[in-house]
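Q: Please take a close look at one part of this chain. Start with the overall setting, then zoom in and follow what surrounds that part.

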Amino acid sequence: MTTDTDSDTGEPTLTVDELAARAGITVRTVRFYSTKGLLPPPVIGPRRVGHYGQQHLARLALIEELQHQGMTLAAIERYMEQLPPDLSHHDLAIHRAVVASWAPDTVETLTAEELHRRAGRPLSEDDTERLAAMGVVRAEGEAFRVDSGLLRLGVQLLDVPLSEAAILASRKVLIEHSRAAAHELSQLFRSEVSERDEQDVKLLSAHMQPLVVQALLTTFQRSLKEEVHQWLADTQPESQEGRSA
């Protein structure tokens, strides 16, 4: 359960216990990351209780992804130090997506208890069915086959006020367009290096995926923001008209 609402952002804030549960780690680990400077300090509320928000969750998700890449704590500290301190949780999510793009697909078999721990919260039977419909989990007897790269996103979508049909339709749109973009970019780069030497081909191969993923994510984020702003602008006159009536 969330605590008070932050007066500046309107987002719910979490106690350290709630933050740890949502991130799927222990309170001790949260405090350890804080002492290392990997997490910004919490907002201190009444009774000297620290409150954490979406930026803390996003940073913990990024740290987890960096660990999956095999980075040491010292390397993670250096990586996080290079990030601007005022990054929003949306920007941090882009960094995590770029990092995740370097990793191979990871599908694991987890028990129900392990799945709940990884999700950072208890999952109801309906939650599990929705995750299965999204292609995130698949029941195998008493265990679950879990796409680790999609689990956190799937759990976040459980709280989004969208129907399952809308989520699946969105997934289809994203897959179709991303595959088309990947194919066209691949053809473009292939023709670009067709006359180059072997060293240039290896260099492009090493850098293409993370650079293209970051470019696609950034472009998509900005395009989506423009679409949402336009959508809100289009609906505002209707809302004002309704209030006048």
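## A helix and its neighbours

A: The chain has an accessible surface of about 16,300 Å². Carbon and sulfur atoms hold 54% of that surface. This is a predicted model. The chain contains ten helices and five strands. Of its 245 residues, 27% are buried. Among contacts with a separation of 6 or more, 60% join residues 24 or more positions apart.

Now zoom in on helix α7, residues 125–133. Its buried residues are Asp-127, Thr-128, Arg-130 and Leu-131. Why do they lie on the same side of α7? They cover an arc of only 160 degrees around the axis, which puts them on the same side. An α-helix has 3.6 residues a turn, so residues three or four places apart point the same way.

What does that buried set pack against? Two strands are partners: β4 (137–140) and β5 (143–147). Two helices are also partners: α8 (148–157) and α9 (164–193). Just after α7 comes Gly-135, with a positive phi of about 85 degrees.

Next, the sheet. β4 and β5 belong to an open sheet of three strands, in the order β3-β5-β4. The pairing is antiparallel. β3 (107–111) and β4 are the edge strands, and each pairs on one side only. From one strand to the next, the twist averages 30 degrees. Four bridges link β4 and β5 in the antiparallel sense. In this region Ala-139 stands opposite Phe-144 of β5. Helix α8 packs on the sheet and touches β3 and β5. The direction of α8 makes about 95 degrees with that of β5.

Finally, the nonpolar cores. The largest one has 23 residues. Leu-19, Leu-62, Leu-66, Tyr-79, Met-80 and Leu-83 touch the most other members. Elements giving two or more residues to this core are α1 (16–23), α2 (27–35), α3 (54–68), α4 (73–81) and α5 (89–100). α3 gives the most, with six residues. Leaving out residues up to four places away in sequence, Met-80 touches Leu-38, Arg-59, Leu-62, Ile-63 and Leu-66. A second, separate core has 14 residues, including Leu-115, Met-134, Val-155 and Leu-158.

Methods: Residues numbered from 1 in each chain as written. Predicted model: local features only at pLDDT ≥ 70, side-chain atom pairs only at ≥ 80, totals over all residues. Heavy atoms only, no water. Buried < 20%, exposed > 50% of the residue type's maximum accessible area, 1.4 Å probe, protein only. Arc of directions from axis to C-beta. Contact = heavy atoms within 4.5 Å. Pairing = 2+ DSSP bridges. Axes fitted to C-alpha atoms, helices over the stretch in contact; angles between N-to-C directions. Core = buried A, V, L, I, M, F, W, Y, C linked by side-chain atoms within 4.5 Å. Areas by Shrake-Rupley, 256 points an atom, 1.4 Å probe, with all protein chains shown as cover.
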